[in-house]
Amino acid sequence: FIDPIIKSNSTDLSIFLDHDAYYDIKNSPFDDHITIDTKFEMDYRHRFRGNQEIYSSIGYDNNYYSYYGGMDSIHMNKTAESAECEMRKDSLLPEMQCMHKIKAELGLRSLEAIDGWNYDANIRYRAMFLQYMNIHEHLLDLNGKMSHAFGKNDLEVGLSLSTNFYNKAKGNDTTYRKDYNNVDLGLAPAYIMRWNNIDFRLGFKIYFAFMKHWKVNAMPDIQVNYNYKKLLNVYGGVTGEYHNVSKYELLEANRYFNPYSDVEYNHYVPVKPYLGLMIKPVNGMLINVFAEYKYVVSEYQFINEGRMFEAQQNAYSHTVNVGGRINYNLKDKYNFYASGIYHMYIPMDGTISIVHRPIAEATAGFNMNPYKGLNIYADFYFAFGRYYHDPASDWGWSKELMSNIYDLNIGISYHIKPVTIYLEGKNILGFSDCLNYDVWHSYAAERNVSIGAKFEF
């Protein structure tokens, strides 16, 4: 880790470099757990004229990993199999995966109003290359937002263009590979009104998908925020969700996703009302409770098919989330927190069950800086109510209960510029096989203890 290279009143240049490796060798084909991740990113910002900024970043990620899931045979990956594969006892799917990702972004924005105008515009390019499967994806995003002040109020307009395209399949890939190219155009106008204690946003968003289903995707953008002194904040609104679903995203969410498959629909939630309350009963304490409902037209979930996962399209469902969080900060040295959330999923298609999502989640932890340069932290995550798809069931679609998640992480670090020395344990309860859990069905979570140093120049 190197940060920053340049830091001045007008210019920042920083570099981030990280390399992680995890090995759990079983000396059995397809059972070795190997994960090697390398990440490089360089960020640059330059402020000029006192109120404007150019920002940019470039990055490269490399992910090399094994499909170590516990299914008996890799041949259960139905989407990439053929009769010829079964006869030869082989598969189109590799034992290992090597994924290269590159990204670059360039933007220009105002840091404060210029004659009443604020703006932010950027262009972002991302690409993904699967070395062992000859799948390439290119993504280009153009985003712009401009607003003008009318007294205390603002008129805002946002525009966006999003594309993703794939290389042409060759050979056997033409039969088994699915790719859905896409172009999205979005428009998001809004008018923001402000009074002494109330902010009110009235707008809408609409997205046009030119190469996927659901060509028109519209939703409201209504939000209200009320503050009573420094004791109470009430917030709520009716909004929605939409974004283009790409293999880049699917592999970010689950690296064991089968890239020979794809989804035909983008993520679309036309209505999402929500309501929340934040209270500061005493100095340093913040309590937040919230509830939200989603009417989902299209979303995806990962279902296990052999050692890989497919993104199953879930059309028309209801989701309710209710939760809360409490945080207490003492003298900016001791921070304690706890949170919990309950999920209720109601698919309207009776043949589909929700899998790999917990019914309830809870977190708790602390972060302490008792002495200058010394940091001690711990966090615990608990989740239950997850299921996985059982493809071998005699009943057709069937789901089975997964193990609960008990994830405890602890760490301690000491900083003396320019070096930070640290010792940390991740998922330390997982060293006991009875307490370890699957991140995805048959893919056990990593557990490790590490010691190292970070350097700043």
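User: Where is P418 found?
Analyst: This is a predicted model. Strand 21 covers 405–416 and strand 22 covers 419–426. P418 is found in the loop between strand 21 and strand 22.

User: Which form does the peptide bond from K417 to P418 take, cis or trans?
Analyst: Omega for the bond from K417 to P418 is near 10 degrees. The peptide bond is cis.

User: Which residues touch the most other members of the largest nonpolar core?
Analyst: The largest nonpolar core has 24 residues. Strand 6 (117–130), strand 7 (135–150), helix 3 (247–253), strand 14 (285–305) and strand 15 (308–330) each supply at least two residues of this core. The members that touch the most others are Y256 and F302.

User: What does F302 touch, not counting residues up to four places away in sequence?
Analyst: Among the residues that F302 touches are L250, A253, N254 and F257. F309, E310 and A311 are also touched by F302.

User: How many residues are in the second, separate core?
Analyst: Y207, M219, Y268 and V297 are included in this second core. The number of residues in the second core is six.

User: Is K331 buried or exposed?
Analyst: K331 lies in the loop between strand 15 and strand 16 (334–347). K331 has a positive phi of about 55 degrees although it is not a glycine. Exposed means over 50% relative accessible area. Because its relative accessibility is 72%, K331 counts as exposed.

User: What is the phi of D332?
Analyst: D332 also lies in the loop between strand 15 and strand 16. With a relative accessible area of 66%, D332 is exposed. D332 is not a glycine, yet its phi is positive, at about 60 degrees.

User: Is F366 buried or partly exposed?
Analyst: F366 has its place in strand 17, residues 360–368. Buried means under 20% relative accessible area and exposed over 50%, with partly exposed in between. F366 has 27% relative accessibility, so F366 counts as partly exposed.

User: Which residues is F366 in contact with, leaving aside its neighbours within four places in sequence?
Analyst: N335, F336 and Y337 are among the contacts of F366. The contacts of F366 also include I376, Y377 and A378.

User: How far apart in space are F366 and A127, C-alpha to C-alpha?
Analyst: In sequence, F366 and A127 are 239 residues apart. In space, their C-alpha to C-alpha distance is 38 Å.

Key:
Residues numbered from 1 in each chain as written. Predicted model: local features only at pLDDT ≥ 70, side-chain atom pairs only at ≥ 80, totals over all residues. Heavy atoms only, no water. Core = buried A, V, L, I, M, F, W, Y, C linked by side-chain atoms within 4.5 Å. Buried < 20%, exposed > 50% of the residue type's maximum accessible area, 1.4 Å probe, protein only. Helix = DSSP H or I, 4+ residues; strand = E, 2+ residues; numbered from the N terminus. Contact = heavy atoms within 4.5 Å.
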